[in-house]
Amino acid sequence: MPDSPWTTWAPGTRVVVRRRLSPDDAAAAGKPLTDVIGVVVETTATTLVLREDAGGSAPPHRGHGPRDDAPPLVSVPLDAIVAGKPVPPRPPRRPASRPD
């Protein structure tokens, strides 16, 4: 897949990729595909390595609070990627509203 755009993404680029799950993972998840949102760490001849950067979950997504561990790295085999594109940076967190 050398002509695929994800082979040329520079480290630090925030992207979303849709990938095929392995048969066992697809059976467990009940679906054949999943998406990963992350920041490119490295691209090798066979793998795209992303640092997860989805956010938006409750409780807060791991790795985004002051005491959280760093977001995990996800290694996606290039031959499992079905589609992908760069996405804008995650918007900054809004402060919690205070009752008046």
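Among contacts between residues at least 6 apart in sequence, 55% join residues at least 24 apart. The model is predicted. Its secondary structure comes to 1 helix and 5 strands. Along the sequence, the pattern reads β-α-β-β-β-β. Of the 100 residues, 28% count as buried.

**Sheet layout**

- The 5 strands form an open sheet in the order S4-S3-S2-S1-S5, with antiparallel pairing.
- S4 and S5 are the edge strands, and each pairs on one side only.
- Neighbouring strands of the sheet are turned by 40° against each other on average, with direction ignored.

**Strand S1 and its partners**

- Strand S1 covers residues 14-20 and is mostly covered, with 5 of its 7 residues buried.
- S1 runs antiparallel to S2 (residues 33-43), and 7 bridges join the two.
- Within that pairing, valine 16 has isoleucine 37 of S2 as its bridge partner.
- Arginine 20 has leucine 33 of S2 as its bridge partner.
- S1 also pairs with S5 (residues 81-86), in the antiparallel sense and over 5 bridges.
- In that pairing, valine 17 stands opposite glycine 84 of S5.

**Nonpolar core**

- The largest nonpolar core holds 12 residues in all.
- Its members are Trp6, Trp9, Val15, Val17, Val36, Val40, Leu48, Leu50, Val74, Val76, Leu78 and Ile81.
- S1, S2, S3 (47-52) and S4 (73-77) are the elements that give two or more residues to this core.
- In a regular strand, side chains alternate between the two faces of the sheet.
- Val15 and Val17 of the core both lie in the 14-20 range of S1.
- Leaving aside neighbours within four places in sequence, tryptophan 9 is in contact with Val15, Val16, Val17, Val40, Thr43, Leu48, Gly84, Lys85 and Pro86.
- Among these contacts of tryptophan 9, Val15, Val17, Val40 and Leu48 are also core members.

**Salt bridges**

- A search of the whole structure finds 3 salt bridges.
- Aspartate 53 and arginine 14 meet through their side chains in one of them, at 2.7 Å from N to O.
- This pair links distant parts of the chain: aspartate 53 sits in the loop between S3 and S4, arginine 14 in strand S1, 39 residues apart.
- Aspartate 53 is buried, at 10% relative accessible area; arginine 14 is buried too, at 14%.
- Aspartate 53 also forms a salt bridge with arginine 90, whose closest N and O atoms are 3.1 Å apart.
- Arginine 90 lies in the segment after S5 and aspartate 53 in the loop between S3 and S4, so this pair ties together parts that are 37 residues apart in sequence.
- Arginine 90 is partly exposed, at 29% relative accessible area.
- Aspartate 35 and arginine 18 meet in a salt bridge at 2.7 Å from N to O.
- Here aspartate 35 is in S2 and arginine 18 in S1, 17 residues apart.
- Aspartate 35 is partly exposed, at 41% relative accessible area, and arginine 18 is partly exposed, at 39%.

**Surface**

- The accessible surface comes to about 7,000 Å².
- Carbon and sulfur atoms account for 55% of that surface.

Notes:
Residues are numbered from 1 along each chain as its sequence is written. This is a predicted model: local features need pLDDT of at least 70, side-chain atom pairs count only at pLDDT 80 or more; totals for chains, interfaces and linings use all residues. Side-chain values use heavy atoms; hydrogens and water are left out. Buried means under 20% relative accessible area, exposed over 50%, partly exposed in between (1.4 Å probe, protein chains only). Helices (H or I, at least four residues) and strands (E, at least two) are DSSP runs, numbered from the N terminus. Two strands pair if DSSP finds at least two bridges between them. A nonpolar core is a set of buried Ala, Val, Leu, Ile, Met, Phe, Trp, Tyr and Cys residues joined through side-chain atoms within 4.5 Å. Contact means heavy atoms within 4.5 Å. Axes are lines fitted to C-alpha atoms, for helices over the stretch in contact, and angles run from 0 to 180 degrees between N-to-C directions. Accessible areas come from the Shrake-Rupley method with a 1.4 Å probe; for residues, only the protein chains shown count as cover. A salt bridge is a side-chain nitrogen of Lys or Arg within 4 Å of a carboxyl oxygen of Asp or Glu.
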